[in-house]
Amino acid sequence: MLMKRLVSHLALLSLTMLMVPLARADPLPTWAPGDTKSAIIDFVETTTDPESDSYLPESRRIAVFDNDGTLWSEQPYYFQLAYALDRAESAPAGILSDELQAAVNERDLATLLEGGDEALLEILNVSHSGMSVEAFQADVADWLAKARHPESGFAYDQMVFQPMLELLGYLRDAGYRTYIVSGGGVDFMRVFAEDVYGIPPQNVIGSTGNLEVSREGERLALIKRGDIAFLDDVDGKPIAIQRTLGGRPAMAVGNSDGDVPMMIWATEGEGPRLGVLIHHTDDAREVAYDRESAIGKLDQGLDEAASRDWVVVDMAADWRTIYAPDLQASPASDATP
């Protein structure tokens with residue numbers, strides 16, 4: 001009898017010893033210890049603890065994330081624009097003006113931006129119109145498989161922030177539903193969002209172009225007709241969230257002034273709320289930019305963050321790595337900058 005009790009006691013002790021490391025496992029291992037990491041973990045723990053005054057039922061555990069500059073890089077220009085520029089290089093003669101075609105071929109960002117929204121829309125329409133949604137998405141998938149970033153040499157869908165992947169997984173493990181709310185095209189992002197972020201297509205909210213129903217015999221297709229039907233940026237973000245989700249998310253994460261209305265709207269709601277702002281401060285491992293940047297400008301957001309108690313992530317200080325650790329060493333062997 002004594003031996004049985006001893007064996008039982010040892011078995012219980014062993015099980016307890018095994019469970020302790022699991023309970024203490026770091027949910028955000030590539031986030032450096034500090035106030036930023038603690039604020040995020042505290043928010044998740046209190047909103048998922050039934051004994052906490054900040055407890056949220058799962059139906060209200062919703063977190064929305066911008067994409068460009070928040071979940072993956074966005075310099076020297078948005079990755080969807082990189083796709084459009086690559087396709088516009090072979091545009092039929094006369095589609096673009098000579099000046100605009102030259103700017104495309106030379107990747108002259110200053111000239112492209114000087115042309116304003118009209119010039120950018122002309123470039124986007126070359127690759128974003130005149131085909132079915134399925135054909136467009138197949139072409140995007142082919143481009144992602146072959147294209148390489150002009151400076152890093154990595155595939156574009158490799159340049160995803162490892163700390164953000166951990167945060168997405170941590171939230172989902174805690175019962176949160178995660179959504180992308182981005183100014184990028186919804187058909188473009190739905191090609192890779194599930195494979196890269198674990199976010200299914202129906203949880204991707206983005207800008208939309210004009211669509212037209214086409215019938216050929218018994219077959220029906222949706223044809224992209226270009227231009228912008230709805231721009232999911234700045235004030236468009238809270239509108240799109242309301243239309244899709246029917247209410248304010250509990251958590252909003254962004255990196256630029258285009259995300260500020262979404263973050264204000266989310267964090268001004270009743271109950272526990274968290275706004276997280278990604279500040280690109282790491283010029284060694286990525287790109288440092290904020291108030292003066294033509295891409296991903298962060299000016300108003302920095303001013304709003306202090307008064308609204310948003311968590312500001314200092315990428316250089318708060319992230320132990322930027323991309324996946326095995327990506328830090330060298331670019332893909334077939335890279336062609």
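Glu270 sits in the loop between helix H12 (260-267) and strand E7 (274-279), where helices (H or I, at least four residues) and strands (E, at least two) are DSSP runs numbered from the N terminus. With a relative accessible area of 71%, Glu270 is exposed; the class requires over 50%, buried means under 20%, and partly exposed lies in between (1.4 Å probe, protein chains only).

The model is predicted: local features need pLDDT of at least 70, side-chain atom pairs count only at pLDDT 80 or more, and totals for chains, interfaces and linings use all residues. Residues are numbered from 1 along each chain as its sequence is written, and side-chain values use heavy atoms, with hydrogens and water left out.

Next come the aromatic rings. A pair of aromatic rings is described by the distance of the centres and the angle of the planes. Rings of Phe, Tyr and Trp (its six-membered ring) pair if their centres lie within 6.5 Å; planes under 30 degrees apart count as stacked, over 60 as edge-to-face and the rest as tilted. The structure holds 14 such pairs. One of them joins Trp31 and Trp319 edge-to-face, at 5.7 Å centre to centre and 75° between the planes. Trp31 is in the loop between helix H1 (2-23) and H2, and Trp319 is in the segment after helix H14 (315-318), so this pair ties together parts that are 288 residues apart in sequence. Trp31 is buried at 0% relative accessibility, and Trp319 is buried at 2%.

Trp72 and Phe192 make a stacked pair, because their ring centres are 4.7 Å apart and their planes meet at 25°. This pair also links distant parts of the chain, 120 residues apart: Trp72 is in the loop between E1 and helix H3 (79-88), and Phe192 in the loop between helix H9 (186-189) and helix H10 (193-197). Trp72 has 0% relative accessibility and counts as buried, as does Phe192 at 3%.

On the surface, Asp42, Glu45, Asp49 and Glu51 gather in a patch of negative charge. Asp49 lies in the loop between helix H2 (35-47) and strand E1 (62-65) and is partly exposed, at 32% relative accessible area.

Methods: Patch = residues over 30% accessible without salt bridge, like charges linked within 9 Å, V, L, I, M, F, W, Y side chains within 5 Å. Areas by Shrake-Rupley, 256 points an atom, 1.4 Å probe, with all protein chains shown as cover. Salt bridge = Lys/Arg side-chain N within 4 Å of Asp/Glu carboxyl O. Lys, Arg positive; Asp, Glu negative; His and termini not counted. Charge placed at Lys NZ, Arg CZ, Asp CG, Glu CD.
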